[in-house]
Amino acid sequence: MSTISPAKGTALPAPAPLPWSGLLALSTAAFTAVLTELLPAGLLPRMAPALGVPEARIGFLVTGYAAASFAAAIPLTALLRGLPRRRVLVGALLCFAVSNAVVALSSSYPLTFAARLVAGCAGGTLWAMLAGYAARMVPAARRGRAVAIVLAGITLALSLGVPAGTALAGAVGWRTAFGLLSGLAVLLVGWVRWRVPGFPGEARHARVPLVRVAALPGVPAVLSVTLFLLVGHQVMYTYIAPFAAHAGFGRTGVVLLVFGAATVAGIWLTGLLVDRLPRPTLLGSLGLCAAVMLVLGLAAGVPGVLLVSVAAWGVAFGGAPTLIQTALVDASGPERADAATSLQTTVYNAGIAMGSLTGGMVLEGLGAGALPWTALPLVLVALGVVAVGRRNAFPPQRR
């Protein structure tokens, strides 16, 4: 199939179709990783008696996963850079399968915690791969759309997977839920081997040290936007329950449902725009986030303002990770994307930790009403970095 150029009357080849099956396999891998990480948070009352520990220690199973992911992303990515990419991807998925199987069968808390650390290491490795893998599967002009499809797995896991997994555990038992999650990872290995193309690892002579990857033009700016946006976002999101109560709307579940549904819309909209208008879309996304924080600070108590603002926040934030990761892959180049994304994974987790800590301190010291005023300047810094980074990090046209 071809199109006709109106200027010269010549036939131009139509864009090649996206490799949907392979991209959806990667998206399912993202879904599996997020569900593996967060499922214990919804099962505290069920898992605690079975493992003979207080509920707070079940919460540490999520903390341990996140800490292992944070610590492992950079060193494991550096160690595995030379291996074929699909082999590393399959290895990470097998680690998920084994970890979730151990959790499903174990009656020992230390063993369960160790299995969660293994899954966290696999998660850190996986997050460092996904965006770069998607970028190498498609032409450069469709790179943003491919990254959006893969990262949609994160949003679907948060908005649908975790609630559904929690409900399933209530119906069939938490051990069965983890067993099914292990089975999903095994099936995903077959899907990846069938539909995801294999790419070679980096040749030893071509490997750029991580320090030099971090210093590539545009990469520091993208990483700084990641950090400031995540800190600002987590200041509010972590403590959305007390803020909703402060605003006179105590139904936190409704607020989270509105946010989750809006993030799906944000990813869909970003997928349409990321390859054609990446810079304006990111500026609009961050500008809308900042406007939401301002409105929440000024008028959260007005009826209807909270839910409308949260919906706008979800749309704006839902597409931001895709836009930022696409900018990072463009700045580093697909061949160095795994290394650059490993740095971003560490920064991302650091932003989550810093935002949660900052928000907690503000909540205790100044109250819930101060949370949006704390988040606003952080989001504005991220917006400012994008505004001035038009040469290398966030150019008007994608490379």
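The following dialogue examines a predicted model of one chain and the grounds for the terms applied to it.

Student: How many helices and strands does the chain have, and what makes a run count as one?
Tutor: The chain has 15 helices and two strands. Both are DSSP runs numbered from the N terminus: a helix is H or I over at least four residues, and a strand is E over at least two.

Student: How do you know whether the radius of gyration agrees with that of a compact globule?
Tutor: The radius is taken over C-alpha atoms, and the globule rule is 2.2 Å times the number of residues to the power 0.38. For 399 residues a compact globule would have a radius near 21 Å; the chain has 21 Å, and therefore the two agree. Along the principal axes, the C-alpha atoms fill a box of roughly 70 × 50 × 40 Å.

Student: Why is leucine 35 called buried?
Tutor: Buried means under 20% relative accessible area, exposed means over 50%, and partly exposed lies in between, with a 1.4 Å probe and protein chains only. Leucine 35 has 9% relative accessibility, and therefore counts as buried. This leucine lies in helix α1, residues 20-38. Of the 399 residues in the chain, buried residues make up 51%.

Student: Which residues does leucine 35 touch, leaving out those up to four places away in sequence?
Tutor: Contact means heavy atoms within 4.5 Å. Leucine 35 touches Ala157, Gly161, Val162 and Leu181. Leucine 35 and leucine 181 are 146 residues apart along the chain, with their C-alpha atoms separated by 8.3 Å.

Student: What share of the chain's contacts joins residues 24 or more positions apart?
Tutor: Among contacts with a separation of 6 or more, such pairs account for 83%.

Student: Is leucine 23 buried or exposed, and why?
Tutor: Leucine 23 has a relative accessible area of 0%, so it is buried. Leucine 23 also lies in helix α1. Beyond four places in sequence, leucine 23 touches Leu18, Ala134, Met137, Ala146, Ile149 and Val150.

Student: What makes glycine 190 partly exposed?
Tutor: Glycine 190 has 40% relative accessibility, and therefore counts as partly exposed. This glycine is found in helix α7, residues 174-195. Glycine 190 and alanine 25 are 165 residues apart in sequence and 9.8 Å apart in space, C-alpha to C-alpha.

Student: Which residues of the largest nonpolar core touch the most other members?
Tutor: A nonpolar core is a set of buried Ala, Val, Leu, Ile, Met, Phe, Trp, Tyr and Cys residues joined through side-chain atoms within 4.5 Å. The largest has 57 residues, and Leu306 and Trp313 touch the most other members. Helices that each supply at least two residues of this core include α9 (219-237), α11 (252-273) and α14 (337-366). Helix α13 gives the most, with 11 residues. Leucine 306 is in contact with residues including Phe243, Val255 and Leu296, its neighbours within four places in sequence left aside. Apart from this core lies another, of 36 residues, among them Ala25, Ala29, Ala33 and Val34.

Student: Why is glycine 355 called buried?
Tutor: At 0% relative accessibility, glycine 355 counts as buried because that value is under 20%. Glycine 355 is found in helix α14. Leaving aside neighbours within four places in sequence, glycine 355 is in contact with Val231, Gln234 and Val235.

Student: How do you know whether threonine 270 is buried or exposed?
Tutor: Threonine 270 has 5% relative accessibility, and therefore counts as buried. Threonine 270 lies in helix α11. Beyond four places in sequence, threonine 270 touches Gly319, Thr322 and Leu323.

Technical notes:
Residues are numbered from 1 along each chain as its sequence is written. This is a predicted model: local features need pLDDT of at least 70, side-chain atom pairs count only at pLDDT 80 or more; totals for chains, interfaces and linings use all residues. Side-chain values use heavy atoms; hydrogens and water are left out.
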